[in-house]
Amino acid sequence: MMKTRVSFLSLFIVFFLVLNSFGQTSQIQKIDSLFTSWNVSNHPGGAVLVSKEGKTIFSKSYGLANIEYNIPNTNNTLFNIGSISKQFTAMGIVLLEEQNKLSFDDDIRKHISELPDFGKTITIRHLLHHTSGLRDLHGLLGLAGWRRGDLETNEDVYRIIENQKELNFKPDEEFLYSNTGYILLAKIIENISQLKFDQWMKQNVFKPLGMKNTYVETSINKIVPNNATSYYLREDFERALEYWGYYGSGNIHSTIEDLNIWLQNFSTPQDNRETAFKKLLFTTPLKNGFETNYGFGVRIEDYSGRKVIQHGGAVGGFRALARTFPQEQLNIVILTNYSRSNIGSKANKISDILLNKKNNSLAKTTTTPAQLPAKFIKLSNKKLKEFEGIYWSDSEKSGRKVYIKNDTLQYSSSAGNEWPLLPIGKHKFIMNHPSIKPIVKFDSITHKMIIKTDNNLPGIFTFLQKNLDIKTNDFNTLIGNYYSPELKTMYTISIDDKSNIYLEHARHGIIKLEQLYDNIFSGNWPVGTVEIKRNEKGKVMGLRMSNGRTRNVWFDKII
């Protein structure tokens, strides 16, 4: 009888192992199928690794590392991981903090004395969290005359930053991603250690963790075996020229296996690294109490009700994603060498295959559909007319129109996007949007329109002009040369016989401007938005240019 029971138990174990093996095989096949389109002729691809509880369950490479010479990608191919590099720079700062060589709350001018005094203290913590207000390097260099494809180096950034007089915003007032901050963090590491950044990182971060193939690229001329070439996918594949000569914010090259070693430390850290990896997850609220999800070089988010630590990277045609679910000890690394690889969606699908899916994407706090209140108040057209006009957001560099239509106040963000504002107070409205119901308040003292949706930061728009007809300026008053003492460069405004207005730069050529509002124009990169500034008598004194993460660079009108 005992023998029969033992045999039955053995059969049950075998059956369970076969079933489990079948399940894993099915999962592997599903993951593999996500990347089969990369394995076609003359096509770049990438490498993918998935590990669970410290064991690699999927590891495979696809497509070509170099199309010109038909060289395939392998699991040992090196890829530029772009902004994933930031968490490694952050780890360098953490290790120096643990050695008592700096404090996260040090004024950065303590370690980089040549930086200008912006009137507000910028700390190392601000740089780590992207809350410093420093303008981003790409926008600054673009406005200064760098064209797409021109070499951008740390020395270029240091030189430009030393001449800056203003910030995008006061430290701790906003979160705005800034590559400049992480380039300065690399400088701090160099100044404290008296070693080149790439050497220090190899000795103190990569080598101790066993990341044998990872390195910091400090020169685009360096020859390193097994590096992939990156490509843009437009109509056809085009080779991406390597102009990214900066480090600290990016430009680390790595493999899927090395990045998996790194990610594993978020759940099972190596000896003496537990506190360091925990510090990478530090977050600090903004001055207004708003909690961001950005730690030290990593994003801490929620996916299907599970904690996920991750970051992406993009430079040239390279795309990279490193994601870990620390509680599940699940790591996903995708590295690719072409621009339209869509790795974010693929990482989500891998996550869904391996987890008990609760929803399809990075989760946001679930809320019931917004409802309109049962009662509204009645406001006269005379009262509603007080709110009419164009409102401008200095942070978003975008405008909103508010106007009366059919006895109802309307809110418009762009042509074709118009939503009624229904009064629930003398200065307070609810927007009748189909999916959200923001509260819109008008402050008659500050002349601002404040838009609040759920627990998100409010959007603040300042009254710009009463006239909804935007084309009211005499362009002749704008003609002249405009010089930036911060960037040491000049632009010229001119008009043609058809009243078209143009901005010209020695390196960027002629850029046509489109009028958005009375004194605000837009143009193609690197211009972004151009805001004309006048004195009390209406005389043009200069202009401010903004392009995304670089805001309000001042240009004096000199002729």
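This report walks through a predicted protein model, from its overall build down to a few single residues.

## Ground rules

Because the model is predicted, local features need pLDDT of at least 70 and side-chain atom pairs count only at pLDDT 80 or more, while totals for chains, interfaces and linings use all residues. Residues are numbered from 1 along each chain as its sequence is written, and side-chain values use heavy atoms, with hydrogens and water left out.

## The whole protein

Let's start with the big picture. The protein has 11 helices and 31 strands; these are DSSP runs numbered from the N terminus, with at least four residues (H or I) for a helix and at least two (E) for a strand. Its C-alpha atoms fill a box of roughly 100 × 60 × 55 Å, taken along the principal axes.

Of the 559 residues, 50% count as buried. Buried means under 20% relative accessible area, exposed means over 50%, and partly exposed is in between (1.4 Å probe, protein chains only). Take the contacts (heavy atoms within 4.5 Å) between residues at least 6 apart in sequence: 59% of them join residues at least 24 apart.

Six strands make up an open sheet, in the order E2-E1-E15-E14-E13-E12, with antiparallel pairing. Two strands pair if DSSP finds at least two bridges between them. At the edges sit strand E2 (55–62) and strand E12 (299–303), each pairing on one side only. On average, neighbouring strands of this sheet are turned by 15 degrees against each other, direction ignored.

Helix H8 (residues 256–264) packs on the sheet and touches strand E1 (46–52), E2, strand E14 (318–325) and strand E15 (330–336). The direction of H8 makes about 150 degrees with that of E15; axes here are lines fitted to C-alpha atoms, for helices over the stretch in contact, and angles run from 0 to 180 degrees between N-to-C directions. Over at E12, five bridges join this strand to strand E13 (residues 306–315), and the two run antiparallel. Arg 299 stands opposite Gln 310 in E13.

## A mostly covered helix

Helix H5 (residues 154–161) is mostly covered, with six of its eight residues buried. Those buried residues are Asn 154, Asp 156, Val 157, Tyr 158, Ile 160 and Ile 161. Their cover includes helix H4 (137–144), strand E6 (152–153), helix H6 (179–193) and strand E10 (244–245).

## Lys 426 in its loop

Lys 426 lies in the loop between strand E19 (417–423) and strand E20 (428–431). Lys 426 counts as exposed because its relative accessibility is 61%. Leaving aside residues up to four places away in sequence, Lys 426 touches Ile 377, Leu 379, Lys 383 and Phe 387. Phe 442 is 16 residues from Lys 426 in sequence, and their C-alpha atoms are 9.1 Å apart in space.

Most residues other than glycine have a negative phi, and most peptide bonds are trans. Here are some exceptions. Glu 53 is not a glycine, yet has a positive phi of about 55 degrees; Glu 53 is in the loop between E1 and E2, and counts as exposed at 56% relative accessibility. Asn 552 also has a positive phi, near 60 degrees. Asn 552 is in the loop between strand E30 (540–546) and strand E31 (553–557), and is buried, with a relative accessible area of 11%.

Then there is a cis peptide bond, joining Trp 525 and Pro 526, with omega about 10 degrees. Pro 526 is in the loop between strand E28 (520–523) and strand E29 (528–534).
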